[in-house]
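Below is a short report on a two-chain model. Look over the structure first, then read on.

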Amino acid sequence: MSNWNIWSVPVGIISLIIISPVLAIFYSALLGDTSLWPHLFSTVLPRYLLNTLILMIGVGSLSLFFGISTAWLVSRYEFPARSFFEWALLLPAAVPAYIIAYTYTDLLEYAGPVQGYLREFFNWQNSQDYWFPNIRSMEGAILVMSSVLYPYVYLLTRASFITLPISYFQTSAIYGRKPFFSVALPLARPAIIAGLALVLMETISDFGTVDYFAIETLTLGVFNVWLGMNSLSGAAQISSILFLIVVVLLTLELIARRNQRFYEKHSRQQTLELENVSNIKKILFFVICLAPLFLGFLIPVSVLLNFVIKGYSIINFREIIDTTITSISISFIASLTIMFLSFLMVVVATYKSNTFQKSVIFLASCGYAFPGTILAVGIVVFVGWLNELFYFQISYFVGGFLVLIFAYTLRFLAIGNGSIRSGVTRINPNLIDASKTMGRSFLTTIKKIILPLTYTYILVGGILVFVDILKELPITLLLRPFNFETLATYVYQYASDEMLEESSFAALIIVLAGLGPVVFLSRTIKKYSLN
Amino acid sequence: MKNQFTRFIVFFILIFCFSESLYAKNEVNVYSYRQPILINPFFEEFTKKTGIKVNVLHAKKGLLERVLAEGANTPADLILTVDIARLNQFLKNDLLIEINSNVLSQNIPAHLRDSNNKWFALSKRARILAVSKERVPLNSIKNIEELAEPKWRGKICTRPGSHDYNRSLLASIIAANGVKKAEEWASNLVLNLARKPEGNDRAQAKAIHEGVCDVAVMNTYYFGKMKFNEKNPEQQEWAKSINLVFTNQENRGNHINVAGGGVLKYSKNKDNAITLLEFLTQPKAQELYSTMNFEYPVNSSVILSEELNSWGEFKEDKLPVERLAELAPTAQKIIDRVGW
C-alpha cells in the first residue's frame, strides 16, 4: 500500500508550513558567522549548559514526583477532600511562571513577611544574624517551576490511570505484586513521558523565571548574544543547541518505547474502584496532595490577593474587562485550531504515514522547545518572506491576528500532539483493522472509533493549550497588532519593572479565567470514566 | 448545540474583522521599547493638542526584527527606545530617515542626536551610585573606578552585568580607560559583590536598606520613583536609606544613557511622526519627563523639576552616545569573561 495518499500528503504540507519559522531560525543560524563561538566556549557556554541541565533534571524529577504521586492517590484511594483534589490539583497550571517567581520573592525575601516574622520572633537584628535560603537561586527556580508545571504530568497520567481495566489489578493481586509498580506505572508510561516532555520543553524555553532569579541558562545566553552582541545569528545558533537537546530526548523516548504495546486487549472493562485506607494513611495522602496545590496555587494567589486588598493594584474595570474578552476569545479560537490540527496530524502519522512523513509531522511540534521570543522572531522573518512572495492585501489587524494564531499553533502544537498521541497509543489496532475489513472508509473509522476513544485526551490537550495561551507572553507581545492587549501583556508592562503589585488584579484574572475550563475538564473526565 | 457553537465562532471572527473600521485616518503608529504606562500621558497630551491619534505597540525585544521583516509594508512610523544601543541598531540597518527640523536641532544639543539627524535623544538618564546613608560617609567614594578597590569587598550590589544599563556603563569605562583597564575594573567589581547580581536597580536600593550591601549602581529616576511611591509606601523607606553620588565629577563626568527615537524609512505618516517627535522635545513634554519619570530633559531651556534640582547639579560625561552603542559588544564580552 502506498503511503502517499490523500491523508498524509496534505497533513505533511501543513506540518511543513508550521515548521517553517523554525527552519528560518536554522537558516539564520547556518548563515551567521561563528566567530563568537571561541569566546562563548571559553567563557559562558559550559556554565549555561550545566545550569540548563541541572534545572531540567531538577524540575523534571520534582514535577514527576508531584504529578504521579497525586494522580495515583486521587485515582486509587478514598481520603478526605479527594474529589476536591481531583480538579484542584490542576489549578497551578493557570499560574504563569513569571508571576509565581515574583510572588515567591515577595514572600521569602528579607523584607517579606516570612523573614520579618522570624526576625521578630527570634529577635534577630539584621541579615547578618541568621541564615535563610535565597529564593533567587537554582533550588528556588526548581521549586517554583515544578509547582506550576507538574499539572502536565498529573493530568495526562491521571487520564491514563482511570482508564486502566480492573482485571490487570486483579491479576497483579493474585501474584502478590504491588499494583502501582507492576501495573499502573508501566502502563501509564506513554502518558507520563508525554507530560515529562512538555515539562522539560517548557523548562528549557523559560525566560521569565530564570531572568527574574538570575539563573544563567542557555536561554539567558541566547538573549545576551542577541541583544548584547547584536548577533541574531549567534542567538539562533544557541537556540538550535536547545532544540537538539530536545530532539535527542524525544528520540530516546521513541526508541525506548518502540517494541511495547500499551493498548487494552479486550474491550472496555470495569475500571478500578477506590480503596479504603487507615486513618493515618488518609492524613498522609491528604498532605501529599495539598503540598503541590499549596505551593503552586494557594501561595501565589494569596500574595496577589494581598496586594489587591492592600490597594496596591490599579483597578480599571473597563480596561480589564476588555482585555479579558480579548484574551479568552483568542485563546479559545487558537486552542480549537490547535486541537483540530493535532488530532489530524497524530491520527495520520499513526495510521497513514511512512517513517519520513512521521518525522515531518513529529518535527512540526518542536516549536515548544524554543524560547518564545526567538520563535516569534522566526515567525516574523517567515511571514516577511511570505509577504514578499505573495504580497497579501490583508489589513494589519486581521493579518496580525492570523499571524498570532499561527504562532500559537507552532508554539503549542506539542501539547496537543503529546496528549492525543498518548490517547491513540491506547487504541487496540485490531479495532482499526476490523473497521477496515468491514469496508469502512478512514474518515468513518476516525468518526466511529478513534474520536470517541480519544475524546478525553482531546479535551485534556485542549484545556492545557487554552490555559497556556492565556498565560503566553513573549509571542503575543511581539506579534500582536496595535492596541491589542491580552491579560498577560497587560500584566507584563508592570511586572517587567518589578511592579507586579500594580497589576495584581489583572494577574488574578488570568488565574481565574483558567479556573473555569479546568473544573469543566475534570468533570468531563470523571463522567467519561464512569460511562 | 453544534449550531450554537458555529454561531459563537462566527461571532468572534466578525468582532475581529469589524474592529478594523474603528481606526481613524489621522494617526501615527509607534513601536515602543518603553512601557505604555510611561508614555501614554505624553501621547494623550499630543492627541489633545493636534488631533492626531497615536497607536502604540510595546515590546522589549524583537521590534527591530519585526520592522526589518515587515520591510516596506510596515505599519510603524516612529520608533522609541530606552537605550542608545538599540536605537543605533535601527540606524545601522538603514531604517531611519534624515530629519531636517529646526525645532529638533534647536531643542536637542548636538552630542545627543545623530550627526546625520537620523535619531534624537529625548531624555537622559544618569547612572549613579546609591550609597548607604548610615554606613558610607560622604565623599568616601567619588569615581566609578573606585568600585574596584579592595575596601569595598563584599559591600557592593548591582543587577546582572548583561543588562543594557550596566553594559552601557562598562562601555563608557572602556571609552575612558581602554579595554584592559575596563576588564580589570569589572573583574575586581565582581570580587567586591555582596551577592550574586540579581533584581533590577530598585532591588539594589532595597538591599542597601536591608543591610545586605553599602553601595549600589543605579539609574537616578528609580530614586524619584521610590521616594514618591504612594502605591507601595515601603519603597519610600528604601529611598530614605540612601544618598546619591554623581561620579567622576572632577574628571570626565557621570555616565549618561539616553532614551530616544527616530522616524522609520517606510513610514506612511512621516509628517505626523515628525510632529510627534518634535512635540516630545518641546518644553511641555520635556517637563513631563522630569516631573513624571524623574528623567533629565534634553532640552536645556527647560527648568528642572524641584525634585531633580534637589539631587544637585552634575557634570555629565560628554562622550558621544554613539560610542556607547559601538562598544556594547566589547563590553558584553568582558561581562562574559569576568562573570558579572
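A residue counts as buried if 20 or more other C-beta atoms lie within 10 Å of its own, as exposed if 12 or fewer do, and as partly exposed in between; the C-beta atoms are placed from the backbone. The model is predicted, so local features need pLDDT of at least 70 and side-chain atom pairs count only at pLDDT 80 or more, while totals for chains, interfaces and linings use all residues. Residues are numbered from 1 along each chain as its sequence is written, and chains are lettered from A and ligands numbered from 1 in the order in which they are written.

B:Asn248 is buried, because 21 other C-beta atoms lie within 10 Å. B:Asn248 is not a glycine, yet its phi is positive, at about 50°. It sits in the loop between strand 7 (242-245) and strand 8 (256-263) of chain B. Helices (H or I, at least four residues) and strands (E, at least two) are DSSP runs, numbered from the N terminus.

A:Ala81 has a phi near 65°, a positive value in a residue other than glycine. Its loop runs between strand 1 (77-78) and helix 4 (82-88) of chain A. Is A:Ala81 buried or partly exposed? It counts as partly exposed, because it has 13 C-beta neighbours inside 10 Å.

| Chain | Residues and buried share | Box along the principal axes |
|---|---|---|
| A | 531 residues, 53% buried | roughly 75 × 70 × 50 Å |
| B | 340 residues, 50% buried | roughly 70 × 60 × 40 Å |

The boxes are those filled by the C-alpha atoms of chain A and of chain B. Chain A has 23 helices and two strands. Chain B has 14 helices and nine strands.

The radius of gyration is taken over C-alpha atoms, and the globule rule is 2.2 Å times the number of residues to the power 0.38. For the 531 residues of chain A, a compact globule would have a radius near 24 Å; chain A has 24 Å, which agrees. For the 340 residues of chain B, the rule gives a value near 20 Å; chain B has 22 Å, which agrees.

Two residues are in contact if their C-beta atoms, placed from the backbone, lie within 7 Å. Take contacts in chain A with a separation of 6 or more: residues 24 or more positions apart account for 86% of them. In chain B, 78% of the contacts between residues at least 6 apart join residues at least 24 apart.

**Where the chains meet**

In the interface, 41 residues of chain A are in contact with 46 residues of chain B. Helix 12 (218-228), helix 15 (317-351), helix 17 (372-390), helix 18 (396-424) and helix 21 (474-479) of chain A each supply at least two residues of the side that touches chain B. Which helix gives the largest share of that side? Helix 17 of chain A does, with eight residues. The chain A side divides into 21 nonpolar, 15 polar and five charged residues. Here Ala, Val, Leu, Ile, Met, Phe, Trp, Tyr, Cys and Pro count as nonpolar, Asp, Glu, Lys and Arg as charged, and the others, Gly among them, as polar.

**A helix pair in chain B**

B:Pro41, B:Phe42 and B:Glu45 in helix 2 of chain B meet B:Ala285, B:Leu288 and B:Met292 in helix 12 of chain B. The residues of this contact divide into five nonpolar, no polar and one charged.
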